[in-house]
Amino acid sequence: VQLQAFGGGLVQAGDSLRLSCAASGRTFSNYVMGWFRQAPGKEREFVATISWSGGSTYYADSVKGRFTISRDNAKNTAYLQMNSLKLEDTAVYYCAAGRILRGTPDAYNYWGQGTQVTVSS
């Protein structure tokens with residue numbers, strides 16, 4: 001499956017942003033979808049994941065209550081709604097597809113190219 005993430009940008013602290021991840025090539029609804037992020041000089045870290053149907057979601061503690069992951073299987077698209085953005089949310093955000101609902105990169109077989117999110121004060 002091919003993934004393309006978009007929607008990043010430069011925002012101020014406290015603002016909101018919605019990322020999208022468009023999938024093509026295979027049956028989107030067969031895959032767990034995840035969002036990860038990587039800040040400069042840091043390892044890639046888990047942000048959120050959502051099950052095939054969208055019925056189960058999990059979040060990193062750092063984003064819980066502020067970010068919401070969702071998916072629209074009819075549109076082959078996953079989303080990450082980010083509210084109350086903080087400076088520390090600045091990173092390249094990646095979407096990924098896999099078979100296991102887990103918060104580790106090795107659970108995901110396919111990755112998008114990443115979209116930059118920069119939060120300024």
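**Figure 1. Asp 89 and Arg 66 are both buried.** Buried means under 20% relative accessible area, exposed over 50%, and partly exposed in between (1.4 Å probe, protein chains only). The model is predicted: local features need pLDDT of at least 70, side-chain atom pairs count only at pLDDT 80 or more, and totals for chains, interfaces and linings use all residues. Residues are numbered from 1 along each chain as its sequence is written, and side-chain values use heavy atoms, leaving out hydrogens and water. The side chains of Asp 89 and Arg 66 form a salt bridge, with 2.7 Å from N to O. This pair joins distant parts of the chain, 23 residues apart. Asp 89 sits in the loop between β8 and β9, and Arg 66 in the loop between β6 and β7.

**Figure 2. Arg 37 joins a salt-bridge network with Glu 45, Arg 66 and Asp 89.** A salt bridge puts a side-chain nitrogen of Lys or Arg within 4 Å of a carboxyl oxygen of Asp or Glu. By this rule there are five salt bridges. Asp 89 meets Arg 37 at 2.9 Å, N to O. Arg 37 belongs to strand β4, and 52 residues separate it from Asp 89 in the β8 to β9 loop. Both of these residues, Asp 89 and Arg 37, are buried. For Arg 37, the relative accessible area is 4%. Arg 37 also forms a salt bridge with Glu 45, where the closest N and O atoms are 2.6 Å apart. Glu 45 has 35% relative accessibility, so Glu 45 counts as partly exposed. Shared partners are what tie Arg 37, Glu 45, Arg 66 and Asp 89 into one network.

**Figure 3. Arg 71 is buried but has no salt bridge.** Arg 71 lies in strand β7, residues 67-72. Strands (E, at least two residues) and helices (H or I, at least four) are DSSP runs numbered from the N terminus. The nearest side chain of opposite charge to Arg 71 is Asp 72, 8.3 Å away. Here Lys and Arg are positive, Asp and Glu negative, and His and the chain ends are not counted. Backbone oxygens lie by the side chain of Arg 71 instead. A polar atom of this side chain is 3.0 Å from the backbone oxygen of Phe 28. The backbone oxygen of Trp 52 lies 3.3 Å from a polar atom of the Arg 71 side chain.

**Figure 4. The side chain of Ser 51 reaches the backbone nitrogen of Gly 55.** The distance is 3.2 Å. A polar contact is a pair of N or O atoms within 3.5 Å; within protein, one must be able to donate a hydrogen and the other to accept it, and residues adjacent in sequence count only if both atoms are side-chain atoms. Ser 51 is in the loop between β5 and β6 (57-59). Its relative accessibility is 5%, so Ser 51 counts as buried.

**Figure 5. Tyr 31 and Tyr 110 pair edge-to-face.** Rings of Phe, Tyr and Trp (its six-membered ring) pair if their centres lie within 6.5 Å; planes under 30 degrees apart are stacked, over 60 edge-to-face, the rest tilted. The count by this rule is five aromatic pairs. Tyr 31 lies in the loop between β3 (17-24) and β4 (32-38), while Tyr 110 is in strand β10 (residues 108-111), 79 residues apart. Tyr 31 is buried at 3% relative accessibility, whereas Tyr 110 is partly exposed at 25%.

**Figure 6. Phe 36 and Trp 111 form a tilted pair.** Their ring centres are 5.1 Å apart, with the planes at 55°. Phe 36 is in strand β4 and Trp 111 in strand β10, 75 residues apart. Phe 36 is buried at 0% relative accessible area; Trp 111 is partly exposed at 28%. Together with Phe 46 and Tyr 108, Phe 36 and Trp 111 make up one aromatic cluster.

**Figure 7. Arg 44 and Arg 99 each place a charged end over a tyrosine ring.** A charge sits over a ring if NZ of Lys or CZ of Arg is within 6 Å of the ring centre and within 35 degrees of the ring normal. Arg 44 sits over Tyr 94, 3.8 Å from the ring centre. Arg 99 sits over Tyr 31, at 4.3 Å.

**Figure 8. The largest nonpolar core has 37 residues.** Such a core is a set of buried Ala, Val, Leu, Ile, Met, Phe, Trp, Tyr and Cys residues joined through side-chain atoms within 4.5 Å. Trp 35, Leu 80, Met 82 and Tyr 93 have the most contacts inside it. Strands supplying at least two residues each include β1 (2-6), β5 (45-50), β8 (77-82) and β11 (115-120). The largest share, five residues, comes from β9.
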